[in-house]
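Subject: A structure for you to explore

Hi there,

Here is the structure I promised to pass on to you. Please open it beside this email and follow along as you read.

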Amino acid sequence: IAGFEATSNPIILLWLERVSDLIYSEYSKPESTFNPALHESYMDLGAFGTSILFQDWSIESKSLSFRSFPLADCYIQENSDGLVDTIFRRTLMSVRQIAQKFGRDKVPALMNKDKVDKEWEILHCVYPREDAKMLDGMRNIDMPFGSYWFSEEAKHVFSESGYNSFPYHVPRWSKLSGEIYGRSPAMTCLPDIKMINQMSKVVIKGAQKIVDPPLMVPDDGFMLPLKTAPSSLIFYQQGTDVITPLQTNARIDIGLDMMEQRRDHIIKSFFVDWLLQQKNSTEMTATEVMDRREEKLRMMAPMIGRLESELLGKVIGRSYDILVREQRIPPPPPEIADARLEVSYSSPASAAQFGGKSIAIQRFMEDLVPMAQIDPSIMDSIDMDEFVKVMADIRDVTRRIIRNPKQVAQMRQSREQQQQMAQAAEMAGPMAGS
């Protein structure tokens, strides 16, 4: 929040937590299709290095709506900051679908001449308007991003509207300087994938020759066709050589070993070995498990950093804008009524980067405990209230279980009064007896 120290105000923190819970509750609704669309986007991201995720508000279900589109139908362009802000998406729609989406009056005469099931190529273009003005009550055509639906073949524009924020999220797995489309882990191991496919064919053929080998039959003395089924009878003339199987001496194990090496490289290309690192280890304590998990997340942080900035952060930011527009967000506290809110996403990987600080604090406290038994005054140097705040921020603990500083002060004042009354009662007994 610009101009405010949000971490020092529990009321602001509680409101921010409620907003976060409301956004996540929207994602959990089945009608939003958030999880299926995000899963499809991740599949495209791992295969092609670039994925397309569309986010908007559904008027029918009164909830957020997500949908993943194939990369082959989309053309993207970056702005001066290297972020995608322009997309042209191609889709095929029948005349009936066009009438359902834009209205019967928007269907041109050229399309009405055809059958209702004939498909037409429709383009959806979204790009920024340079002359956009952020004013209250502005029209769709004045919004920062323009949205156009048209048919190039029919020379007809179906709809012209706009968005307050870019509705398409285009994450890239990784890319080189100057590139627009991303690179995927599958591109790294694509030669190995093709090699394994070819090796599998060869190994299968070799195994078939061993299990069901070719037969060496003399050119004379047998009645054809040969019967190779179980319990079959094969007639031949006396003095003719018997049928013998062809021994190829094939080494299936060598092919399997070579395939296993290629599979290992593919697994490492997709970082599966990092994900399974903790499961393959021996028995560990709970502290060792947490340390190993945070170390693994810190190692993966550079790889998924682009996903945070181009996908997850953008999704949450646009979700907040849409929910504010639809009046689904509760009003903010008076302290930040006129403040500008910047929405950001903090993943477990980024939080793990701060895990080292919490481990250092915990170990420091563990070192002080034996010393405090010798000299209790050493704990006077530790601000326990600040310790609780810092650990709550690092561990992302809900603010609902953290008391307000005013409530803590009142509780301590009441406790001191009770202690003083108890001491006064203890002193009053001997005085009355004397």
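Helices (H or I, at least four residues) and strands (E, at least two) are DSSP runs, numbered from the N terminus.

Two notes before we go on. This is a predicted model, in which local features need pLDDT of at least 70 and side-chain atom pairs count only at pLDDT 80 or more, while totals for chains, interfaces and linings use all residues. Residues are numbered from 1 along each chain as its sequence is written, and side-chain values use heavy atoms, with hydrogens and water left out.

Back to Ile 378. Setting aside neighbours within four places in sequence, Ile 378 is in contact (heavy atoms within 4.5 Å) with Leu 368, Met 371 and Ala 372. With 29% relative accessibility, Ile 378 counts as partly exposed; buried means under 20% relative accessible area, exposed over 50%, and partly exposed in between (1.4 Å probe, protein chains only).

Now the whole protein. It has 13 helices and 10 strands, and buried residues make up 32% of its 434 residues. Among contacts with a separation of 6 or more, 63% are between residues 24 or more positions apart.

Next, look for an open sheet of three strands in the order E2-E1-E8, with antiparallel pairing. Strand E2 (63-69) and strand E8 (168-169) stand at the edges with a single partner strand each, so one side of each has no neighbour in the sheet. Strands pair if DSSP finds at least two bridges between them, and two bridges join E1 (residues 52-58) to E8. Phe 54 stands opposite Tyr 168 in E8. Helix H2 (residues 34-48) lies across E1 and E2, at about 25° to E2; axes are lines fitted to C-alpha atoms, for helices over the stretch in contact, and angles run from 0 to 180 degrees between N-to-C directions.

Two loop residues have a positive phi without being glycine. Thr 33, with a phi of about 50°, is in the loop between helix H1 (10-27) and H2. Lys 62, with a phi near 55°, is in the loop between E1 and E2.

Finally, the charged pairs. Side chains of opposite charge can pair when their charged atoms come close. A salt bridge here is a side-chain nitrogen of Lys or Arg within 4 Å of a carboxyl oxygen of Asp or Glu, and by this rule the count comes to 15. Which residue forms a salt bridge with Arg 318? The partner is Asp 56, with the closest N and O atoms 3.4 Å apart. Arg 318 lies in helix H9 (residues 286-325) and Asp 56 in strand E1, so the pair ties together parts 262 residues apart in sequence. Both Arg 318 and Asp 56 are buried.

Asp 385 and Arg 412 form another salt bridge, with the closest N and O atoms 2.6 Å apart. This pair links helix H12, which holds Asp 385, to helix H13 (residues 405-433), which holds Arg 412. Asp 385 is partly exposed at 34% relative accessibility, and Arg 412 is partly exposed at 37%. There is also a network of salt bridges linking Glu 78, Arg 172, Lys 175, Arg 306 and Glu 310.

Happy exploring!
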